[in-house]
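Here is a short tour of a protein model for you to follow alongside the coordinates. Please keep the viewer open as you read.

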Amino acid sequence: MKYIDEFNDPDLARRLLDEIRATVTRPWALMEVCGGQTHSIIRHGIDQLLPDDVELIHGPGCPVCVTPLEMIDKALEIASRPEVIFCSFGDMLRVPGTDRDLFRVKGEGADVRVVYSPLDALRLARRYPDREVVFFAIGFETTAPANAMAVHQARRLGIDNFSLLVSHVRVPPAVEAIMTAPACRVQGFLAAGHVCSVMGTAEYPDLAERHRVPIVVTGFEPLDILEGIRLAVHQLERGEHRVENAYARAVREEGNPAALRMIEEVFEVTDRSWRGIGSIPASGWRLADAYRAFDAEHRFDVTGIRTEELAVCRSGEVLQGLIKPTECPAFGIDCTPRTPLGATMVSSEGACAAYYLYRRMDGPAPQGSRVPQEEMNPVG
């Protein structure tokens, strides 16, 4: 994109909102799948500008938020070992484990480093051949190609002191789980454009048909989201349920063939636990047999760790779209970006962090909530 301002044009936004208002004749509930879309919606007040009959439900599309507690505890156990250089993206360092986080482990003397690419971690492994370098490979389909390339390169170059702690999750099985949940109210989806830029749209038509819901692939700027809502509402009003691509500047039906080939070579589909939600069949990736030697879970023998979430934290219900962040009694009081109880308050894409950052403190949350100015920037 050369002209990003075009996708923030207030006049075009008003026209899209007018068309949505003119189209809606009954209540509809749409779920935006991606946490990046959630932040854009809350930041620009899109949900407050829509007609009352259009409700936006925040989905589980934040990879930091859905990384299970037991995987965080495995990361903490590995990072604590003196022979390890543990590498991660910055937004994982404040995600709470059972009793601490990676920041605390780093403060206790562990060698925990923030990197901007898995290839940065691979370079560290080449620089320090006497240390074990572990990269925390989390994310949806978007980050999978780069993580796959890193371990592919490690095997090709014979770098045997490099490994991945893999916690990759896949979006379509999550959509299936949401639609089959007893309390589901979702009638249409705004699909994540960056995921579809890698994977394409081939997995979505069957979901749309079986569950009779429109699925609109949508970008992240205000006009992207409003156009996605407009198309979804048009389908719902007409009784249609198909896949539409409103992000054609980045998404092709076939996805990115080179990225797909790399994922297929390095990973294989597996069941995966989602934090606050539970196990979803075929919803993740793990390293394929040919690359199993680079699996940090097995290399450091941490496969047996089991944990339980804090009962006071209702982030699982937030991730499933069952409640808004302000409906959690801990929101803004016991749970803040500085003292997070759940990952949804930590991640730069978490719904709780979005509500806190943009002062969406009104709602059913208890009285007495405070937003100190110094806490207005959640860790990203």
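## Ground rules

This is a predicted model, in which local features need pLDDT of at least 70 and side-chain atom pairs count only at pLDDT 80 or more, while totals for chains, interfaces and linings use all residues. Residues are numbered from 1 along each chain as its sequence is written, and side-chain values use heavy atoms, with hydrogens and water left out.

## Overall picture

The protein holds 16 helices and eleven strands. These are DSSP runs numbered from the N terminus, with helices being H or I of at least four residues and strands being E of at least two. The radius of gyration is 21 Å, close to the 21 Å that the globule rule gives for 380 residues, so the protein is as compact as a globular protein of that length. Here the radius is taken over C-alpha atoms, and the rule is 2.2 Å times the number of residues to the power 0.38. Along its principal axes, the C-alpha trace spans about 65 × 50 × 40 Å.

Of the 380 residues, 57% count as buried. Buried means under 20% relative accessible area, exposed means over 50%, and partly exposed lies in between (1.4 Å probe, protein chains only). Among contacts between residues at least 6 apart in sequence, 77% join residues at least 24 apart; a contact means heavy atoms within 4.5 Å.

## Helix α8 and its two partners

Two packed helices are described by the angle between their axes and the distance between the axes. Axes are lines fitted to C-alpha atoms, for helices over the stretch in contact, and angles run from 0 to 180 degrees between N-to-C directions. Angles under 35 degrees count as roughly parallel, over 145 as roughly antiparallel, 65 to 115 as roughly perpendicular, and the rest as oblique. A crossing is left-handed if the near helix is turned anticlockwise from the far one by less than a right angle, and right-handed if clockwise.

How do α8 and α13 cross? The axes of α8 (residues 144-157) and α13 (residues 257-266) come within 9 Å and cross at roughly 60°, which makes α8 oblique to α13. Their crossing is left-handed. On the α8 side the contact is made by A144, P145, A148, M149, V151, H152 and R155, and on the α13 side by A259, M262, I263, E265 and V266. These residues divide into nine nonpolar, one polar and two charged. In this scheme Ala, Val, Leu, Ile, Met, Phe, Trp, Tyr, Cys and Pro are nonpolar, Asp, Glu, Lys and Arg are charged, and the others, Gly among them, are polar.

With α7 (residues 118-127), the axis of α8 comes within 8 Å and the two cross at roughly 25°, which makes α7 roughly parallel to α8. This crossing is right-handed. P118, L119, L122 and R126 of α7 meet A146, N147, A150, Q153, A154 and L157 of α8, a set of seven nonpolar, two polar and one charged.

## Buried positions

L164 sits in strand β6 (residues 162-169) and is buried at 0% relative accessibility. Leaving aside neighbours within four places in sequence, L164 is in contact with F135, A137, N147, V151, L287, F294, D295 and A296. L164 and D295 are 131 residues apart in sequence, yet their C-alpha atoms are 5.5 Å apart.

S88, in strand β3 (residues 84-88), is also buried, with a relative accessible area of 0%. Its contacts beyond four places in sequence are L93, R113, V114, V115, F135 and F136. S315 belongs to helix α15 (residues 315-319) and counts as buried at 8% relative accessibility.

Most residues other than glycine have a negative phi. Which value does phi take in R212? Phi of R212 is near 55°, a positive value in a residue other than glycine. R212 lies in the loop between α11 (204-211) and β8 (215-218) and is exposed at 55% relative accessibility.

D301 has a positive phi of about 50° although it is not a glycine. D301 lies in the loop between α14 (296-299) and α15, and is exposed with a relative accessible area of 63%.
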